[in-house]
Amino acid sequence: NATVSVLNCFLCLLTRQMAPKLSSPALAEDDSMCLTVQGSQSAADMGRFATGLSARSALSVDVPGEGSVCSASPGASPSASPSPHPDGTDSSSSDACSSVATPSSSSPSAPGRYTRKGGDGKTLLLTPWYPQGVGKRGLKLSGEIEALSAMLELTSEETAHRHMIRTMVQQTVAAVLPTATVKVFGSFAYGLSLPSSALDLVVEVSDASDVALVSEVLQNAQAAGMLVKNSVVQAECAFAKMHVASVGLDVNLSFAVGPSSVRKCVAHVRKQMEAYPAAKPVFAICRLLLQQARCGDAATSGLPSYALLCMILEFCATHADAHDVPKLLLAFMRKHAKGGSTLVVEDPLSAGNNLADGCRRLPQIRSVFVNSVKSLEKWMTTKQTGFRGRTPLSSVLSYTGLWTETRPGAVRFL
């Protein structure tokens, strides 16, 4: 029965393609067909089936319980550049289906479909940053970047949680090391923290002998409700990774003897961010792109976020359109989409220190930027105003984790 159903739909599609109305230059925006897979047909099989169909028709394949698998858009070809899938996996396939990133229906708060009809009957596209829907006609990359940036901003509650944890750590440390000081650094100190970002703290102790008491500090932290995942203690420094389950936040806790260099670092970055405010949304988008490709973490030989930030700030200082976010984003990705097999990012506060020294995923990073530029340029230049049923950023960003609601009417990234 499943085979007969598929063949019937295929014959209907062929009849549709041979109809006189398809001699027109293009289909209407809402002119699409939906094929529901029944029986034992797998999503992969139906994805290959959809890929073989004419790219002139818009076809979405729905697997019960799995959401949309593939959407072949006008102008898509087997050589279409790959984009991330909704489940967060990286697409290395060259089929037309690989250019689709859709929200995962496994997320309880993800909408069942990612388009809906507006009051005027026109189709509205649903994305995590446009949860109420947005019309595709007239949609600009600049406006979508603003919507994404607004969604990624920390709420007052999330900011308060981070200050609360910093106070908790200060009190825990003071019980063992009364003269120690706890300082905030990293993305939260720079004003660049994502809701999913860990909180970076450094404990400045007065003497190297104080480092020997780190184990006692961590025991107190554990008793205070901060789960210590792992720790490393050396002669004059130490590091611990903790998790605060009550607010769902990770904490990176470092120990250093004397005033830490992070003080100068925080002051430097804040000054640069004031000079180049467009760097903030560019950093957020590039960071998400590398995270979903598993290339944005130093722990997995990816590019550290601080190195990425320094690259963007350095680029802003020499780029003519440093205040135009879309142009800055595309120009930055074009520059780093090509190059050699090594990457040198000099620490602005320590000459000779390469911040990207441990990065071993440069080919994957360049590939991410290559495919992202191709997708965004295609969206902006094609006569069909880009991928059918897509917005500019949804052609490159995965939806995984972006559909989680933390308060009524709001969609947050967790």
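Trainee: Where is the place of Arg294?

Mentor: In this predicted model, Arg294 sits in the loop between helix 8 and helix 9 (305-318).

Trainee: What is the phi of Arg294?

Mentor: The phi of Arg294 is positive, about 60 degrees, although the residue is not a glycine. In general, most residues other than glycine have a negative phi.

Trainee: Changing topic: which helix holds Met333?

Mentor: Met333 lies in helix 10. This residue counts as buried because its relative accessibility is 0%.

Trainee: Which residues is Met333 in contact with, leaving aside its neighbours within four places in sequence?

Mentor: They are Cys286, Leu289, Phe369, Ser372, Val373 and Leu376. Cys286 is 47 residues from Met333 in sequence, and their C-alpha atoms are 8.4 Å apart in space.

Trainee: How many residues does helix 11 have?

Mentor: Helix 11 (residues 362-381) has 20 residues. From first C-alpha to last it reaches 28 Å, close to the 28 Å expected at 1.5 Å a residue.

Trainee: Which residues of helix 11 are buried?

Mentor: Among them are Phe369, Ser372, Val373, Leu376 and Trp379.

Trainee: What covers the buried residues of helix 11?

Mentor: The cover includes helix 3 (141-152), helix 8 (279-292) and helix 10 (325-336).

Conventions:
Residues numbered from 1 in each chain as written. Predicted model: local features only at pLDDT ≥ 70, side-chain atom pairs only at ≥ 80, totals over all residues. Heavy atoms only, no water. Helix = DSSP H or I, 4+ residues; strand = E, 2+ residues; numbered from the N terminus. Expected span 1.5 Å × (residues − 1). Buried < 20%, exposed > 50% of the residue type's maximum accessible area, 1.4 Å probe, protein only. Contact = heavy atoms within 4.5 Å.
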